[in-house]
Amino acid sequence: MISLTVTAVVFGVVFLAELPDKTALAGLVLGTRYRASYVFAGVAAAFALHVALAVAAGSVLTLLPQQIVQALTGVLFLGGAAVLLLRKGEDEEEVRKPENQSFWKVSGAGFMLILVAEFGDLTQIMTANLAARYDDPLSVGLGAVLALWAVAGIGIVGGKALMKKVPLRLITQIAALVMLALGLWSLWEAVTG
């Protein structure tokens, strides 16, 4: 059974954390060079694979005693908030241009770019934390993958317009505050539980 509440919380946290990420910029770059649907197919497949790996890792954490999981996720969320607040702007990734515009070449370029760039990324770690926190892999996975796909779609289709209207720093600060709140809540539950 899917929990809409868990899915919505995960969607919001992952969406805000991914917006200022380098992969949104990479999607924007690919989307300006190639057919958007081809780029999105490759990027979406890579994100789905990353979410599956993160949810599996988070589900393993649920085998530990609940207080340890809450303390661990709290510390990791606080670390993620610190990373968001302390990191400087990232440059756009260099994207190799496929030799032709075929579906397999373009989607393959998008898939490989995201696969490499997102491995061990903050949102993947956050997804694992959320899977451990909520012990609801299906809802967490759905929320995370929909958030990542939404950011990819925005980046590919309309990233330039969004970044002109909403300052990247504000998005980063909101994501950090949400992660800070989740981290403190998890630590509170670990101490009082």
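Contact, as used in this report, means heavy atoms within 4.5 Å. The structure is a predicted model, in which local features need pLDDT of at least 70 and side-chain atom pairs count only at pLDDT 80 or more, while totals for chains, interfaces and linings use all residues. Residues are numbered from 1 along each chain as its sequence is written, and side-chain values use heavy atoms, with hydrogens and water left out.

**Overall architecture**

The protein contains eight helices and zero strands, so that its elements, read from the N terminus, follow the order α-α-α-α-α-α-α-α. Helices (H or I, at least four residues) and strands (E, at least two) are DSSP runs, numbered from the N terminus. Of the 193 residues of the protein, 45% count as buried. Buried means under 20% relative accessible area, exposed over 50%, and partly exposed in between, with a 1.4 Å probe and protein chains only. Among contacts in the protein with a separation of 6 or more, 92% come from residues 24 or more positions apart.

**The nonpolar core**

A nonpolar core is a set of buried Ala, Val, Leu, Ile, Met, Phe, Trp, Tyr and Cys residues joined through side-chain atoms within 4.5 Å. The largest such core has 32 residues, and Val-10, Val-14, Val-39, Leu-130 and Val-140 have the most contacts inside it. At least two residues of this core are supplied by each of helix H1 (4-18), helix H3 (36-61), helix H5 (103-118), helix H6 (122-134) and helix H7 (137-165). H7 gives the largest share, eight residues. Not counting residues up to four places away in sequence, Val-39 touches Leu-30, Gly-31, Tyr-34, Val-106 and Ile-156.

**Packing of H1 against H6**

The axes of H1 and H6 are 10 Å apart, and the two helices pack at an angle of about 160 degrees. H1 is therefore roughly antiparallel to H6. Axes are lines fitted to C-alpha atoms, for helices over the stretch in contact, and angles run from 0 to 180 degrees between N-to-C directions. Angles under 35 degrees count as roughly parallel, over 145 as roughly antiparallel, 65 to 115 as roughly perpendicular and the rest as oblique.

The crossing of H1 and H6 is right-handed. A crossing has this hand if the near helix is turned clockwise from the far one by less than a right angle, and is left-handed if anticlockwise. On the H1 side, the contact is made by Val-6, Val-9, Val-10, Val-13, Val-14, Ala-17 and Glu-18, and on the H6 side by Thr-123, Met-126, Thr-127, Leu-130 and Tyr-134. These residues divide into nine nonpolar, two polar and one charged. In this division Ala, Val, Leu, Ile, Met, Phe, Trp, Tyr, Cys and Pro count as nonpolar, Asp, Glu, Lys and Arg as charged, and the others, Gly among them, as polar.

**The loop between H6 and H7**

Asp-135 lies in the loop between H6 and H7 and counts as exposed, at 53% relative accessibility. Most residues other than glycine have a negative phi. Asp-135, although not a glycine, has a positive phi of about 50 degrees.

Asp-136 belongs to the loop between H6 and H7 and is buried, with a relative accessible area of 14%. Leaving aside neighbours within four places in sequence, Asp-136 is in contact with Met-1, Ser-3, Val-6 and Ala-131.

Leu-115 is placed in helix H5 and is partly exposed, with a relative accessible area of 22%. Neighbours within four places in sequence aside, Leu-115 is in contact with Ala-46, Leu-49 and His-50.

Phe-119 is found in the loop between H5 and H6, where Phe-119 counts as exposed at 57% relative accessibility. With neighbours within four places in sequence left aside, the contacts of Phe-119 are His-50, Leu-53, Ile-114 and Gln-124.

Leu-76 is in helix H4 (residues 66-86) and counts as partly exposed, at 35% relative accessibility.

The table sets out C-alpha separations for residue pairs.

| Residue pair | Separation in sequence | C-alpha to C-alpha distance |
|---|---|---|
| Leu-115 and His-50 | 65 residues | 7.5 Å |
| Asp-136 and Ser-3 | 133 residues | 8.0 Å |
| Phe-119 and Phe-47 | 72 residues | 9.8 Å |
| Leu-76 and Met-126 | 50 residues | 7.9 Å |
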